[in-house]
Amino acid sequence: MANVTVIGAQWGDEGKGKIVDWLSARADCVVRFQGGHNAGHTLVIGNITYKLSLLPSGIVSGTPSFIGNGVVLDPWALRDEVEKLRGQSVEITADVLQVAENCPLILPIHRDLDALREDASGKGKIGTTRRGIGPAYEDKVGRRAIRVCDLAHLDELGPQLDRLCAHHDALRAGFNEAPIDRERLLNDLSEIADFVLEFARPVWRSLNEAREQGQRILFEGAQGVLLDIDHGTYPFVTSSNTIAGTAAGGSGLGPSAAGFVLGIVKAYTTRVGAGPFPTELDDENGQRLGERGHEFGTVTGRQRRCGWFDATLVRQTCAVSGVSGIALTKLDVLDGFAELKIGIGYDVDGVHYDYLPPNAREQARATPVYETMEGWSESTAGARSWGELPAQAIKYVRRIEELIGCPVALVSTSPEREDTILVRDPFAD
């Protein structure tokens, strides 16, 4: 049985939470391998809605869950999320949740810097969530990070704090901010240390043991490939690699462990925040998609921008992330449209592109080339088999497969866990 790596193949918010939750019932463990608590996954199980930002989606069903070293961890956000889920009767102990000892921490100074930079950027704002993700990754690669394992040795943190403060105090001075209060920072870390250390483990070893035992591992990505620091719409991207290849480095397993790569793809396109969006709709169709799809960010609460499905982008993301098959979500949101459009290319100043060029100015000027299809009036909501779908909806799904060059493995027709059509079993490959 294969492992499965789940990634978002658009700009995030594709419905990964439901799909990971659905798959986790058949997995032996679930792993987050990049990002931070800027990710947002919503799970609907029965009449209860769970909103996750940092914890792997498998935690709700009691599947052993791991936060890998590729994640930047806000320890206070972790505590808040654990306590919230415990309040919803989800049992979270060290037997169910492990946090990598070598995870870098997001500190209050990272949140401060994130907000200061964004506020000072004027028209150059990139739409950060202001949660300190980017500055924490900067300190990681700058070898200044405080990590989970350091919480057990706070009395020996002096040299690391010297490096950290030398960097941040200079930046803070540029914004007319006071230097870091080292004593307060140490007190904050001391207050949260015991909570985090309860879950701290050598995750790389736990996962390698699970692999040796033949357990099925489900890797859960955050955000989407179009927000990847290298392959996304730079600079309007996140601060980590969101492609499937990151599952290896971000968990401590080799690249062969990724297994079947499942790209989650919404049946239309959405984006939160600033940045290019060629197929965006500023008309009643865009408003209808947003209202029917309840398009508000799980983490930010911001209204998502909505547009037609962009096959050119998804073909590109499937290629760079080695997607084996896609899970097409929110098909039911398209019910009742008389006609649907699919983006199949771009015109940039009279030049045709069959991919999105990397330059931000060219991306902003990209005009989509559309293919129009007939819509359907029947409902797809709650369908659990091909036979329950309207013929035109099936044609739409099949045309998407052709245009992106990748098969559909799953189709989701509502937020409910069981309203899923299984076309190809990722774990069986």
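Q: Which residues of helix α10 are buried?
A: In this predicted model, α10 spans residues 311–320. Its buried residues are A311, T312, L313, V314, T317 and C318. Buried means a relative accessible area under 20%.

Q: What do the buried residues of α10 pack against?
A: They pack against four strands, β9 (260–266), β12 (309–310), β13 (325–329) and β14 (339–348). They also pack against helix α12 (391–404).

Q: What makes the pair D310 and T312 a polar contact at the start of α10?
A: A side-chain oxygen of D310 comes to within 3.1 Å of the backbone nitrogen of T312. The cut-off for a pair of N or O atoms is 3.5 Å.

Q: Which residue with a positive phi follows α10?
A: G322 does, and its phi is near 60°.

Q: Why is I400 called buried?
A: I400 sits in helix α12. Its relative accessible area is 0%. Buried means under 20%, so I400 is buried.

Q: Which residues does I400 touch, not counting those up to four places away in sequence?
A: I400 touches F309, I326, L328 and I342. To count, heavy atoms must be within 4.5 Å.

Q: How far is I400 from W11?
A: Their C-alpha atoms are separated by 17 Å. Along the chain, I400 and W11 are 389 residues apart.

Q: Why are α3 and α5 called roughly parallel?
A: Helix α3 (residues 108–120) and helix α5 (residues 158–174) pack at an angle of about 30°. Angles under 35 degrees count as roughly parallel, so the two helices get that label. Their axes are 11 Å apart, and the crossing is left-handed.

Q: Which residues make the contact of α3 with α5?
A: From α3 come I109, H110, D112, L113 and R117. From α5 come L164, H168, L171 and R172. By class, that gives 4 nonpolar, 2 polar and 3 charged residues.

Q: Which residues of α5 and α6 meet?
A: G158, L161, D162, L164 and C165 of α5 meet R182, L185 and L186 of α6. By class, there are 5 nonpolar, 1 polar and 2 charged residues.

Q: Why is R216 called partly exposed?
A: R216 lies in the loop between α7 (203–212) and β8 (217–220). Its relative accessibility is 23%. Buried needs under 20% and exposed needs over 50%. R216 falls in between, so it counts as partly exposed.

Q: How do you know that T242 is buried?
A: T242 is in the loop between β8 and α8 (246–249). Its relative accessibility is 1%. That value is under 20%, so T242 counts as buried.

Q: What does T242 contact, leaving aside its neighbours within four places in sequence?
A: T242 is in contact with I7, Q34, A222, Q223, G224, V225, L227 and D228. A polar atom of the T242 side chain lies 2.8 Å from the backbone oxygen of G224.

Key. Residues numbered from 1 in each chain as written. Predicted model: local features only at pLDDT ≥ 70, side-chain atom pairs only at ≥ 80, totals over all residues. Heavy atoms only, no water. Buried < 20%, exposed > 50% of the residue type's maximum accessible area, 1.4 Å probe, protein only. Polar contact = N/O pair within 3.5 Å; in protein donor to acceptor, adjacent residues only side chain to side chain. Axes fitted to C-alpha atoms, helices over the stretch in contact; angles between N-to-C directions. Parallel < 35°, antiparallel > 145°, perpendicular 65-115°, else oblique. Left-handed = near helix turned anticlockwise from the far one by under 90°. Nonpolar A, V, L, I, M, F, W, Y, C, P; charged D, E, K, R; others polar.
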